[in-house]
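Open your viewer and get ready to click along. We will go from one selection to the next and see what is there.

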Amino acid sequence: MKNSYELRVMSNELRITRRILPNSVDRVSFKHYAPRVMFFLLLLITLYSSLITVVSAEEIESRAAVVMDAATGRVLYAKNPELRLLPASTTKLMTALVVIEKAKLTDVVTVSPRAAGAPPTRAGLKAGDKVTIETLLYAALMKSANDAAVALAEGVAGSEEEFVRMMNRKALAIGANDTHFINANGLPGKGQYITAYDLSKIMRQAIKYPVLKEILGTRITEISTETGKTMFIKNTNKLLWSDEELLGGKTGYTNQARHCFVCFGERDKDTLVVALLGSPRRELLWKETEELMGFGAKVLNNNEEPVVYLTRSDYDAAKITGASYTAKADIRASKKRYKGGKAKKKTVIAGKKSADKKQVVVAGKKTTNKKQVAMAGKKSTNKKKVVMAGKKATNGKQLAMAGKKVKKQQLAGNKKGKKNIAKNQKTKNEYS
């Protein structure tokens, strides 16, 4: 920004010079240098614009980001748009979308003990409280209350599990194919993910409902239960206090997901949607949102070209793909298969062919696996010791020796047996 500030100062100085020169005595001199001054001014303006573009397009620290034209769904800017990341509490936007399509705002929900105990952010609802769907929507979207989100799910579908199935069906229906939810509030867990592109689609769908637009854009409000208990809630979206053109949004945060944000706002009468996932700091959400809103407006006004790019470092740092959400048992099985793949040498048993394509070391020499290798008196195909005749043989020679010993023992046994037979016969004859 220092460079852009210097350019702006230089530009102002040149404009002042241009304004004073016509009133000076040397008018001929001004006419001579005016074209050069104007050219230099245009060059500075172009340079300044390019600097702004670089900041908006290249220096986004969030792992994934998308700017979308709400009217057409056209992507105006994208960084890692299909990178699967954890959604955190931006999940509640889909919760609200399903609720608004399946229930009436005046429907009353009784808060269950399970909903009341949902950690960690709560509106303060107690088990047995009776509240309307509208009240729960305000608590879930403004305060990001997990107890309200679970109460909504149970009130609409009977159970959170059934409601989650409705959420995933809705995601597929609007084309959010790289999204999968496991709960209604966005708390981390195995098998849950979303992309910045899909999150933009969900917001684009949500703002078609005026009540959701109104709730997302409310700064402060007070909600109450049927018994009159009141709760004061404040929107977690700080841009509502600093950017009049920002109409509303939904924040999210967990240790694993980092800071997330999806919002919609107006720029030059156009409605833009911005989605950010995996930002390292909360302050960056507000800064990068405003930068990307400005960039999207320039693209719509044909002052910039759409930008889409991928960053390998973000993929590697986040360790994204299906493996990030694979069950531990599957991971262990994959590791076992991987280790098994490393041991390419296989033991040949009883003259069978080796399945390995590489040469196997046999008795200090190399042989191809396609030839049959005999055991018991011939060369062994493995460096490991093979137990034969009750002893260990480390190579073909030892096997052969072991074989000879066995034969000698057999011959000795036969001779001894014959002697015993003869002796027994002699004894029998003596006592008969």
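This tour visits a lysine, a helix and some aromatic rings in a predicted model.

**Stop 1: a lysine inside**

Select Lys 250, which sits in strand β7 (residues 246-254). Which side chain of opposite charge is nearest to Lys 250, and how far away is it? It is Asp 147, 12 Å away. Lys 250 is buried and has no salt bridge. A salt bridge would need the charged atoms within 4 Å. Now show Ser 144 as well: its side chain makes a polar contact with the side chain of Lys 250, at 3.0 Å. Among the other residues that Lys 250 touches are Ala 140, Leu 141 and Phe 261.

**Stop 2**

Next, select helix α5 (residues 133-142). How many of its 10 residues are buried? The count is nine, so the helix is mostly covered. Following α5 comes Ser 144, whose phi is positive, near 60°.

**Stop 3: rings that meet**

Now colour the aromatic residues. The whole structure holds three aromatic pairs. Begin with Tyr 77 and Phe 295: their ring centres are 5.9 Å apart and their planes stand at 80°, so this pair is edge-to-face. Tyr 77 belongs to strand β2 (residues 75-79) and Phe 295 to helix α10 (residues 282-300), so the pair ties together parts that are 218 residues apart in sequence. Are these two residues buried or exposed? Both Tyr 77 and Phe 295 are buried.

Move on to Phe 261 and Trp 286. Here the ring centres are 5.2 Å apart with the planes at 80°, so this pair too is edge-to-face. Phe 261 lies in strand β8 (residues 258-267) and Trp 286 in helix α10, 25 residues apart, so to speak of the pair is to speak of a link between distant parts of the chain. Phe 261 has a relative accessibility of 0% and counts as buried; Trp 286, at 12%, counts as buried as well.

**Last stop: a charge over a ring**

Finally, select Lys 234 and Trp 241. Lys 234 lies over the face of Trp 241, at 5.3 Å from the ring centre.

Methods. Residues numbered from 1 in each chain as written. Predicted model: local features only at pLDDT ≥ 70, side-chain atom pairs only at ≥ 80, totals over all residues. Heavy atoms only, no water. Helix = DSSP H or I, 4+ residues; strand = E, 2+ residues; numbered from the N terminus. Buried < 20%, exposed > 50% of the residue type's maximum accessible area, 1.4 Å probe, protein only. Lys, Arg positive; Asp, Glu negative; His and termini not counted. Polar contact = N/O pair within 3.5 Å; in protein donor to acceptor, adjacent residues only side chain to side chain. Contact = heavy atoms within 4.5 Å. Phe/Tyr/Trp six-rings, centres within 6.5 Å; stacked < 30°, edge-to-face > 60°. Lys NZ or Arg CZ within 6 Å of the ring centre and 35° of its normal. Lists of a residue's contacts leave out its neighbours within four places in sequence.
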